[in-house]
Amino acid sequence: MLSYIIIIAIVVLSIILAGIGAYVVIHSADEKEEVKPVIDVSGQYAVVVRPARESLTAVKPGEASLRSWLETQEQLTPEQREAYINEWNAALEETIKTIDDGDKNGVATYRIELGPKGKNYCKFVNEDNFVTREQIRNHAEILPPYVFGCDCKLLPKQPWENPSKSGWKAVIPTRGSSYDVPDWRQFA
């Protein structure tokens with residue numbers, strides 16, 4: 001008789017524990033899903049991508065530096081100086097947005113579209129260029145804007161695009177690991 005009571009107690013206890021477990025599982029599924037960080041594949045391993053804004057602000061001059069240099073350009077009016085600052089900031093924000101959108105959509109390669117002015121000062125970039133997300137992470141200086149009045153743009157490189165018969169050409173460093181990026185202290 002005692003053994004029946006023990007067996008019944010164990011069965012009842014098992015049912016109660018199974019009910020508690022089911023309750024916890026059901027209610028934990030209602031919680032918000034954890035946002036996974038955007039990753040970039042680098043070789044065999046995946047690494048967390050450094051945010052585009054952080055990469056660019058580390059290598060591009062800040063607004064204080066831009067203003068300071070523009071103040072030395074006596075031929076410019078205050079309105080022209082402000083216009084150059086606004087144009088620089090807009091170009092920088094456009095580049096950041098392109099990379100952020102690309103990170104969300106899994107874009108791994110980009111191209112730098114040279115504007116009519118850009119062809120004169122961006123000698124390190126071929127018209128059929130492409131840059132990888134890894135290059136951007138490690139060498140954000142290769143991204144526009146390059147100089148005041150820069151008309152170059154960063155665009156996602158689509159696989160079906162091929163501007164010439166020779167194919168795409170990687171933007172490569174010219175001296176070891178550095179790129180011949182123009183000095184920003186000039187006008188396009």
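Student: What covers the buried residues of H2?

Tutor: The cover over the buried residues of H2 includes H4 and helix H6 (133–138), where contact means heavy atoms within 4.5 Å. Helices are DSSP runs of H or I with at least four residues, strands are E runs with at least two, and both are numbered from the N terminus. Please keep in mind that this is a predicted model, in which local features need pLDDT of at least 70 and side-chain atom pairs count only at pLDDT 80 or more, while totals for chains, interfaces and linings use all residues. Residues are numbered from 1 along each chain as its sequence is written, and side-chain values use heavy atoms, with hydrogens and water left out.

Student: OK, and which residues of helix H2 are buried?

Tutor: In helix H2, which spans residues 52–59, the buried ones are Ala-52, Ser-55 and Leu-56. Buried means under 20% relative accessible area, exposed means over 50%, and partly exposed lies in between, using a 1.4 Å probe and protein chains only. Because these three cover an arc of only 90 degrees around the axis, they sit on the same side of H2; the arc is that of the directions from the helix axis to the C-beta atoms. An α-helix has 3.6 residues a turn, so residues three or four places apart point the same way.

Student: And which residues are exposed on the other side of H2?

Tutor: Thr-57 and Ala-58 are exposed there.

Student: Zooming out, how many helices and strands are in the chain?

Tutor: The chain has six helices and six strands, and reading along the sequence gives the pattern α-β-β-α-α-α-β-α-β-α-β-β. Of its 188 residues, 31% count as buried. Among contacts with a separation of 6 or more, 73% come from residues 24 or more positions apart.

Student: What's the strand order in the open sheet of four?

Tutor: The order is E5-E3-E4-E6, with mixed pairing, and two strands pair if DSSP finds at least two bridges between them. Strand E5 (153–156) and strand E6 (169–170) are the edge strands, each pairing on one side only.

Student: How many bridges join E3 to E5?

Tutor: Four bridges join E3 to E5, and these strands run antiparallel; within that pairing, Glu-113 stands opposite Lys-153 in E5. Strand E3 (residues 109–113) is also joined to strand E4 (residues 129–132), by two bridges and again antiparallel. There, Tyr-110 stands opposite Val-131 in E4, while Thr-109 stands opposite Thr-132.

Student: Which strands does helix H4 lie across?

Tutor: Helix H4 (residues 78–105) lies across E3 and E5, and it runs at about 10 degrees to E5. Axes here are lines fitted to C-alpha atoms, for helices over the stretch in contact, and angles run from 0 to 180 degrees between N-to-C directions.

Student: Switching to charges, how many salt bridges are there in the whole structure?

Tutor: A search of the whole structure finds 10 salt bridges, each being a side-chain nitrogen of Lys or Arg within 4 Å of a carboxyl oxygen of Asp or Glu. In one of them, Glu-63 pairs with Arg-67, with the closest N and O atoms 2.8 Å apart.

Student: Why are Glu-63 and Arg-67 separated by about one helical turn?

Tutor: They are four residues apart in helix H3 (residues 63–71), so about one helical turn lies between them. Glu-63 counts as partly exposed because its relative accessibility is 36%, and Arg-67 counts as partly exposed at 31%. Glu-63 and Arg-67 are also linked with Glu-82 in a network of salt bridges.

Student: What does Glu-71 form a salt bridge with?

Tutor: Glu-71 forms a salt bridge with Arg-81, with 3.9 Å between the closest N and O atoms. This pair links distant parts of the chain, since Glu-71 is in helix H3 and Arg-81 is in helix H4, 10 residues apart. Glu-71 counts as exposed at 52% relative accessibility, whereas Arg-81, at 14%, counts as buried.

Student: Last one: which residues does the cis peptide bond join?

Tutor: The cis peptide bond joins Pro-144 and Pro-145, with omega at about 5 degrees, and Pro-145 lies in the loop between H6 and E5. For context, most peptide bonds are trans.
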